[in-house]
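Please read the following points alongside the sequence and the model.

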Amino acid sequence: MASPEDLSGQSAPLYEARKGVYPKAVNGPFRRFKWAIMAVTLAIYYGTPWIRWDRGPYAPDQAVLVDLANRRFYMFQIEIWPHEFYYVAGLLIMAGIGLFLVTSAVGRAWCGYACPQTVWTDLFQHVDRLVDGDRNAQVRLANGPWTAEKLTKRAVKYSIYLTIAFWTGGAWIMYFADAPTLTADFWTGQAALVAYGTVAVMTATTFILGGFMREQVCVYMCPWPRIQTAMMDEKSLLVTYKDWRGEPRGSVKKAQAHPGGFGDCIDCNQCVAVCPTGIDIREGPQIGCITCALCIDACDGAMAQVGRPRGLIDYCTLDDAATEKAGGTGQPIRKTLLRPRTLIYFGVWTAIGAAMLFSLGQRTRLDLAVQHERSPLFVQLSDGHIRNNYTLKLRNMETRPRRVAVSVSGLPGAVLWTDAGSREKAGQRIELALPADSVTSVKLFVAAPAIGPARQDFTIGTRGLDGDPRGDSDIIQFDRPEAGQ
Amino acid sequence: MADLKQRIDEATGTSTVGHEWDGIEELDTPMPRWWLWTFYATIVWGLAYVVLYPAWPMVDSATKGVLGWSSRGDLAKEMAADAKRRAPTVNAIAATAITDLPAKPELMQAAVQGGGAAFRVHCVQCHGAGGAGVKNLYPSLTDDDWLWGGDLATIEYTVTHGIRNPDHKATRTSLMPAFGRDGILDAAQIGDVVSFVRTISRQEKVSASSSRGATLFADNCAVCHGAGGEGGRQVGAPKLTDAIWLYGGDRDSLTATITQPRNGVMPRWGGRLDPVTIKMLSAYVYALGGGEKGLAPVAEGAGADGQP
Ligand code: SF4
Ligand code: SF4
């Protein structure tokens, strides 16, 4: 505690060095759950780019690939083109609503289990334990002098940090190019400069954020805690120290000496020792708590040892806390999770997901966009016909070359041809060959008799001639000179 | 509010900043060390930037910076790099006869695009964006009617040598006589010729006037415009039987044209633009929508009568 004297003069520090956090190893159901999540998320992150997926000769055979150069996004059998970016937007919206859903139901569970910062911090803390030993050994080493042993241990530890960080950065770039090729190129010095740069930056950030800044990222840098606080209500599950049951604290000995004078907390400090962000949950809900529930595991262990019921620290809603304080029992967990708010979030979330799946199933892989050339709007031909020019953008989104027919309807007497042919060969329908997985730009000429309205809407449509006959159509305007012009 | 009296907050042991707003006080929590370091680093970065790069605006320019970098210099470098990047294509176009371009779709496409850029700089002033032309002044380049011919080589010749260019031998020349102004035909005769021209373009029915006009036409006009008004490309004489009229196909316009013809002029671009640019321009004009295919190339410098 600072004393008032500290304020005279300039003794108030400008900055505060990070206080080391040396969480103790703990075991229990939540810890095991955290292990499982860590294993799954890391496996997904490091492994996904190596899954192969055969798409035929015209497309990459990497299951998940963000192909920035060709502006394609591949995800198993789904291929997203830039103009279909709304699918990505839909995913982002789902992620947002998913966060609402999770937070309103189980508080900051994302923070505690799935956030990359949490996962890598957890991983690095295991490295600490592996090299330096558990909490006490770590503290001793940190406060001790720089002996040869400390130097060696630090060197080993930071090397492991660096290796993990490098692997993390290396895995990142695999999402943007063919993984095996890129790996070979990377080690033979032939990869793009941006690949090396990205790996360097990702390695550095992982090393610094996961190895050294840890909980400071959660407390000072991350906006999620603030946002999530706003999304929680009195029915969201939070890690709560049940002070009405635990206080006043006292050791087993004291409790034996004064039966009935003390609460259940035996003041063993295990909950503080295991906390990865170094806070004391007994001081109440606070921003540093990522609700990882390791303190629950620790306290349940302590309770088991002294033969008291578990759950002195437990997931508990603010409403239940008030009820229990008043002597009642809280709601069953099912009621907490399945309440209107979470159900509405879940409904919206599933609806967006279903809509996206549906439209993915419905979308045609032959897309047409027509642009009317405006200068000039129309051209008078020597035989008196009027010609309008259009630019067709034909997207063949299948990974094979295709043959398609382009035709017009709703414009009597119209004939069409492209700049590859001439008007002699014009007809009401033309056939085009489209290369695989590409956008083809075609200049289309449409000629129609001069007699007719000055502005007339008609339809240009495409149709697949091989395989999937579905196509796309666009309604566009045909312009003629005004009468008397 | 501000009594500036700092005190120690009981609960946290941290001093307050000394202000109080409606009973709310702020803790004077020290920044984390990394934050402060980052802050100092941004200051160092800023100072270094000011020294290295143009930064402070002065009266008529900015401080230069010791690296000598400028966005203008960057642009020059980019332009040079771009020219280098385009060189193979440009050289290939230069080495290909214009009539051979369509057989090489990639080159043709590059030429059309390059020509489009040149067109937007040099040609839109008269022929309009997109080559639509201006009624009564400049012909449309997008239709299927060509005064001097619409195949690639012919277009290239026209662009190179221009039309009715004074002081240039190879330019395309022809002069339609001013039948009215110079008194070659009187007003009634001109009216008859107009009637005849309008009958061959199917705008009027045959009449006594048009029959008289037929004779006058045969005597005065057919030598350039052809016996049936089918036009004569050697002299750029327009076809009179179609629906396209540069100076208008109604009675008044035709009367005005015959009385005092316009004889439009187009500058020659040879000498002003390099041959590759002219070749690309021609390809662009050809591709605008009305180019004519399959005609024999014209010999360079053959003059106005070297037409196919
Ligand atoms: S207080 Fe408990 S739940 Fe919160 S971060 Fe610490 S260990 Fe995790
Ligand atoms: S682990 Fe449980 S018993 Fe031990 S100090 Fe924390 S709350 Fe009290």
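1. Basis of the note. This is a predicted model, in which local features need pLDDT of at least 70 and side-chain atom pairs count only at pLDDT 80 or more, while totals for chains, interfaces and linings use all residues, and side-chain values rest on heavy atoms, with hydrogens and water left out. Residues are numbered from 1 along each chain as its sequence is written, with chains lettered from A and ligands numbered from 1 in the order in which they are written.

2. Helix crossing in chain A. Helix α6 (residues 148-173) and helix α8 (residues 193-213) of chain A have axes that come within 7 Å and cross at roughly 135 degrees; helices here are DSSP runs (H or I, at least four residues), strands being E runs of at least two, numbered from the N terminus. The axes are lines fitted to C-alpha atoms, for helices over the stretch in contact, with angles from 0 to 180 degrees between N-to-C directions. α6(A) and α8(A) are therefore oblique to each other, given that angles under 35 degrees count as roughly parallel, over 145 as roughly antiparallel, 65 to 115 as roughly perpendicular and the rest as oblique.

3. Ligand 1. The residues around ligand 1 include C275(A), C289(A), C292(A) and C295(A), as well as V239(A) and P276(A); a residue is near a molecule if one of its heavy atoms lies within 4 Å of it. The shell has ten nonpolar, two polar and no charged residues.

4. Ligand 2. Of the 13 residues around ligand 2, those that come nearest are C265(A), C268(A), N269(A), C271(A) and C299(A). Helices α13 (270-274) and α14 (294-306) of chain A each supply at least two residues of the shell, which has nine nonpolar, two polar and two charged residues.

5. Backbone details in chain A. The peptide bond from E247(A) to P248(A) is cis, with omega near -15 degrees, and P248(A) is found in the loop between α11 (243-246) and α12 (252-257). A cis peptide bond also joins S375(A) and P376(A), with omega about 0 degrees, and P376(A) lies in the loop between β7 (366-372) and β8 (379-380). R71(A), a residue other than glycine, has a positive phi near 50 degrees.

6. Annotations. From an unreviewed entry, UniProt lists "domain: Cytochrome c" at residues 110-201 and 208-289 of chain B, and its annotations may be inferred rather than shown by experiment. The UniProt annotation "binding site", also from an unreviewed entry, covers M176(B), C221(B), C224(B) and H225(B). Although spread over 50 residues of sequence, they cluster in space, with a largest C-alpha distance of 10.2 Å.

Key. Nonpolar A, V, L, I, M, F, W, Y, C, P; charged D, E, K, R; others polar.
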